[in-house]
Amino acid sequence: MKDLVMSSRGSSHVREKTGINFSIVKLLVLRDKEDNIDVEFGTDENNIATAPPRRPPYGGGSNRGEPRGNGPAKNGAPPKPLPIETPTISLNELNRITDNFGTKSFVGESSYGRVFYGKLSAGEEAAVKKLDTSSSPELDNDFTGQRQAGLKISCCTLCLWVLFGTTSGQLSANFYARTCPNFRSIITRAVNSAVSSEARMGASLLRLHFHDCFGCDASVLLDDTANFTGEKTAGPNSNSLRGFNVIDTIKTQLESQCPGVVSCADILSAAARDSVVALRGPSWNLVFGRRDSTTASLSAANSNLPSPTSSLSGLISSFSNQGFTTNEMVALSGAHTIGQARCTVFRNRLYNENNINSSFATSLRTNCPSSGGDNNLSPFDASPTSFDNRYYNDLISQRGLLHSDQELFNGGSTDAQVRTYSSNAATFSTDFANAMVKMANLNPLTGSSGQVRTNCRRTN
Ligand code: HEM
């Protein structure tokens, strides 16, 4: 095949219907440049993807030159999804041609997943790539490279890639593509504006997401009512969590654009990522489709969230209870590179601990007396509005603010990792971003569970 161009389309609705662990299914077609035919997914949710009407038996080019895509309808009505094109590639066919993604049709491993080869019932050769990570622009190139590198597929004209969700197959990057296409920019704009008014808000929004996760269902946002007790009064949250107003503002804007569509849990997840980016930290790929809880658990919030007085083994087990490795716990703790803490949570460290730099302790005592001043704030590290690796350097010089912070560098098993992060900001950024993806996908409510709250503070 000479002179190739590529096109790809994503679709999340197929995932819902098929019930398998897809988050996205993409169709990637390599075709001749002069072949001006676009490729679209159809509306029939029983099908994985539609193939282009390339040539008999694949359509014979009858659609050539016709307007395509989901452009605005001429009469000003909302864009209408395209009718499904024939033929379609069903889930059964996908499984059949790849022998259920079995060894017989396996042709090669690549950086993002495994490639399988098969022949469609109509005889066309196809390469199917089963991806294990979330969507990334490099994937197109990667796949093209694989194909062109001379896998067994010598004359393949149809290449599919099947993207599997990272930890929760129910979530997908394109979840709101049709229902609220601008939701990302609405959230990003609101977060940027909040962080530029007060840099600490970025830290507060990140923490809000953390305290929601270990569940990721927006339960943390529910207000108490006469007959309902939420999580806001839990020990780690009370008089401490911030950012609820920012979430309210975002929700109000989203409700006016796309009523009842974007969940509060997804807003929290996106706002946390945007906050880190706004404070010059790393970015990561997000998937959406979480739904909001209709209930909350004060006792779970009290028992699951780690305490600032935790020992290293306490921190390890608290994160391990949620499926995190010790390495991930150390990376996630790097969130304390931004934000501030109240005197009440670190006072004991200033007055009763030995593994603290003495001039650091002296300077903090001014603002955090042995009694009183409970709510006086001190920054977690020397650059609290910049998402960097300074936190780990501070731990090495015994300038950890919380007892739990210093536990990560106190002669124990995590010292080496703290040293690595202190000297390698890029490694920290990558590990933090990966751990955040994992955290954001912990036990979400999906499908028909829970609801999409119209007001994040109360159930519908
Ligand atoms: C490792 C166990 C952790 C403990 C014991 C812990 C504890 C705390 C405490 C006590 C505060 C100060 C609260 C206050 O003074 O009101 C705090 C603040 C904060 N925590 Fe953690 N945390 C931990 C892990 C995390 C993780 C995993 C994240 C996010 C991924 C995170 C993000 C933050 C942020 C950004 C702040 C500052 C918030 C602000 O300035 O508003 N923490 N944490």
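Trainee: Which residues in helix 4 meet helix 7?
Mentor: This is a predicted model. In it, Arg184, Ile187, Thr188, Val191, Asn192 and Val195 of helix 4 are in contact with helix 7. On the helix 7 side the partners are Ile267, Ala270, Ala271, Asp274, Ser275 and Ala278.

Trainee: How does that contact split by class?
Mentor: Seven residues are nonpolar, three are polar and two are charged.

Trainee: And what is the angle between helix 4 and helix 7?
Mentor: About 50°, with the axes 9 Å apart. Helix 4 covers residues 183-197 and helix 7 covers residues 264-278. Angles from 65 to 115 degrees would count as roughly perpendicular and those under 35 as roughly parallel, so helix 4 and helix 7 are oblique to each other.

Trainee: Left-handed or right-handed crossing?
Mentor: Helix 4 crosses helix 7 in a right-handed sense.

Trainee: Switching to the ligand. How many residues surround it?
Mentor: There are 25, and the closest are Ser204, Ser240, Ala335, Gly339 and Arg342. By class, the shell has 12 nonpolar, nine polar and four charged residues.

Trainee: Which helix gives the most to that shell?
Mentor: Helix 5, with six residues. Helix 5 spans 200-212. Helix 10 (326-333) and strand 9 (340-342) also supply at least two residues each.

Trainee: What about the whole protein: how many helices and strands?
Mentor: The protein has 16 helices and 10 strands. Of its 460 residues, 43% count as buried. Among contacts between residues at least 6 apart in sequence, 73% join residues at least 24 apart.

Technical notes: Residues numbered from 1 in each chain as written. Predicted model: local features only at pLDDT ≥ 70, side-chain atom pairs only at ≥ 80, totals over all residues. Near = placed C-beta within 6 Å. Helix = DSSP H or I, 4+ residues; strand = E, 2+ residues; numbered from the N terminus. Nonpolar A, V, L, I, M, F, W, Y, C, P; charged D, E, K, R; others polar. Axes fitted to C-alpha atoms, helices over the stretch in contact; angles between N-to-C directions. Parallel < 35°, antiparallel > 145°, perpendicular 65-115°, else oblique. Left-handed = near helix turned anticlockwise from the far one by under 90°. Contact = placed C-beta atoms within 7 Å. Buried ≥ 20, exposed ≤ 12 C-beta atoms within 10 Å, placed from the backbone.
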